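Here is a short tour of one protein model, written for reading beside the structure. Please keep the viewer open as you go.

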Amino acid sequence: LKETSAVTYGICGQVKDWLNILIAVPVFGTPLSAMQLFGYGVAVCGVFYYKRLRTQVAKEKADAQREEDEPADPSVEEK
């Protein structure tokens, strides 16, 4: 929880809302329009895209940190 941002908390709230809708639709028989389905699809794609970018940035930061932490090996000559 310490490493999450406000955006991540907001997205978690959105996912909770989607799950509520997905459960409520069949339980209560509420019809969904094509526009609503399209909107949900765009929102879900946005969450997956955000997750992908966040993972990529975290990996790049970890790689950069690892390069900084590794001492240069004086026995290896550059060519």
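The notes below cover the basis of the model, a surface patch and the salt bridges.

## About the model

This is a predicted model, in which local features need pLDDT of at least 70, side-chain atom pairs count only at pLDDT 80 or more, and totals for chains, interfaces and linings use all residues. Residues are numbered from 1 along each chain as its sequence is written, and side-chain values use heavy atoms, with hydrogens and water left out.

## A nonpolar patch

V15, L19, L22, I23, V27 and F28 make a nonpolar surface patch of about 640 Å². (Patch residues have over 30% relative accessible area and no salt bridge; like charges are joined within 9 Å, and nonpolar side chains, meaning Val, Leu, Ile, Met, Phe, Trp and Tyr, within 5 Å. Accessible areas come from the Shrake-Rupley method with a 1.4 Å probe, and for residues only the protein chains shown count as cover.)

V27 lies in helix α1, residues 6–28 (helices are DSSP runs of H or I, at least four residues, numbered from the N terminus). V27 is exposed at 58% relative accessible area, while V15 is partly exposed at 30% (exposed is over 50%, buried under 20%, partly exposed in between).

## Salt bridges

You will find three salt bridges here (a side-chain nitrogen of Lys or Arg within 4 Å of a carboxyl oxygen of Asp or Glu). One of them joins K16 and D17 at 3.8 Å, N to O.

K59, D63 and R66 form a linked network: K59 meets D63 at 3.4 Å, and D63 meets R66 at 3.2 Å. K59 and D63 are four residues apart in helix α2 (residues 34–69), so about one helical turn separates them.

How values were computed:
Helix = DSSP H or I, 4+ residues; strand = E, 2+ residues; numbered from the N terminus. Buried < 20%, exposed > 50% of the residue type's maximum accessible area, 1.4 Å probe, protein only.
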